[in-house]
Structure formats: C-alpha cells, structure tokens
Amino acid sequence: MTLSRTFLKGFSIGLLSFFLINVIAAHLLSDCGLPALLGVDFCADDIARAGFPLVFFEQGGFIPHNYFNLPNLFLDLFISIVFAAACGFAGKEKNKSVGLTQTHPDERG
C-alpha cells in the first residue's frame, strides 16, 4: 500500500493546523500568553498551560505547582493523528471527485 501525494499533503496540513491550534490555545490559556509557556515572561504569579483539546501541562501560580498528565498528552497526540489522517483522506477523496489523477510521466500514452 503506497500513500498518495495528495494524502500526504492533506495529512501534513492537518498536523500543521493542529500544531497551530495548540500554540494558539497555549497562548490563550496561559495567564501571560505564550511567553509564560516559554519561561520568558515577567508576570508575578502566572500559570502556563499547554494542550488542546485536553490540558496536559500546567505550571506556576502564587503557590508554585507543576502538573503534567501523560495520558492527556497521548490522547492529544492520538486526536491530532486522527485529525490529520481525516484531512489526508478528505484531500484524497476531493482529488478523486475533481477527476485529477496522478500518473507517472512514463505511463502516459
């Protein structure tokens, strides 16, 4: 079974979009934005959070605490791979419905 180029394009677009959604969610969920997650903020008692749709990392606060949930991280990764695969299959089906086919230059008659 070989993967088509359109599936790989859709898969990579799905992974990239899920990564960007995670970065935006980390920026919005953290008290001082993305710099809080990177550790370069100057807020007094900020809380840095990461993860979309499930928060798997939380650190900081007035009374410092660290929270890392490995099952939530694995579930987030699983959701992102399923989403990317769905994007890949959708791109492949869209390519079929339009009537575009990929043939090797040697196979053209």
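## Strand pairing and the hairpin

Two strands count as paired if DSSP finds at least two bridges between them. In this predicted model, strand β2 (residues 57-60) and strand β3 (residues 65-68) are joined by four bridges, and the two strands run antiparallel. Within this pairing, Phe57 stands opposite Phe68 in β3.

Strands β2 and β3 form a hairpin, with four residues between them. Gly61 lies in the turn of this hairpin and has a positive phi of about 110 degrees. In a regular strand, side chains alternate between the two faces of the sheet.

## Overall fold

The secondary structure of the protein chain consists of three helices and three strands. Along the sequence, these elements follow the pattern α-α-β-β-β-α. The protein chain has 109 residues, of which 29% are buried.

## Salt bridges

The count of salt bridges in the model comes to two. In one of them, Arg49 is paired with Asp31, and the closest N and O atoms are 3.6 Å apart. Arg49 belongs to strand β1 (residues 47-50), whereas Asp31 is in the loop between α1 and α2, so this pair ties together parts that are 18 residues apart in sequence. The relative accessible area of Asp31 is 46%, and this residue is therefore classed as partly exposed.

Arg49 also meets Glu58 in a salt bridge between their side chains, with an N to O distance of 3.4 Å. Through shared partners, the salt bridges join Asp31, Arg49 and Glu58 into one network.

## Aromatic contacts

Which geometry does the pair of Phe56 and Phe68 adopt? A search of the whole structure finds five aromatic pairs. For Phe56 and Phe68, the ring centres are 6.1 Å apart and the planes stand at 90 degrees, so the pair is edge-to-face.

## The largest pocket

The largest pocket has a volume of about 260 Å³. Its lining comprises 16 residues, and those closest to the centre of the pocket are Phe18, Phe19, Asn22, Phe56 and Leu77. Two or more lining residues come from each of α1 (5-29), α2 (34-38) and α3 (70-98). Helix α1 gives the most to the lining, with six residues.

By residue class, the lining of the largest pocket divides into 12 nonpolar residues, three polar residues and one charged residue.

Is Ala86 buried or partly exposed? Ala86 is located in helix α3. Its relative accessible area is 45%, and Ala86 is therefore partly exposed.

Ala86 and Phe7 are 79 residues apart along the chain, and their C-alpha atoms are separated by 9.3 Å.

Technical notes:
Residues numbered from 1 in each chain as written. Predicted model: local features only at pLDDT ≥ 70, side-chain atom pairs only at ≥ 80, totals over all residues. Heavy atoms only, no water. 1 Å grid on protein atoms, 1.4 Å probe; cavity = no way out; pocket = protein on both sides within 12 Å on 5 of 7 lines; lining within 4 Å. Points joined across faces, edges and corners; volume = space filled by probe spheres on them. Nonpolar A, V, L, I, M, F, W, Y, C, P; charged D, E, K, R; others polar. Buried < 20%, exposed > 50% of the residue type's maximum accessible area, 1.4 Å probe, protein only. Salt bridge = Lys/Arg side-chain N within 4 Å of Asp/Glu carboxyl O. Phe/Tyr/Trp six-rings, centres within 6.5 Å; stacked < 30°, edge-to-face > 60°.
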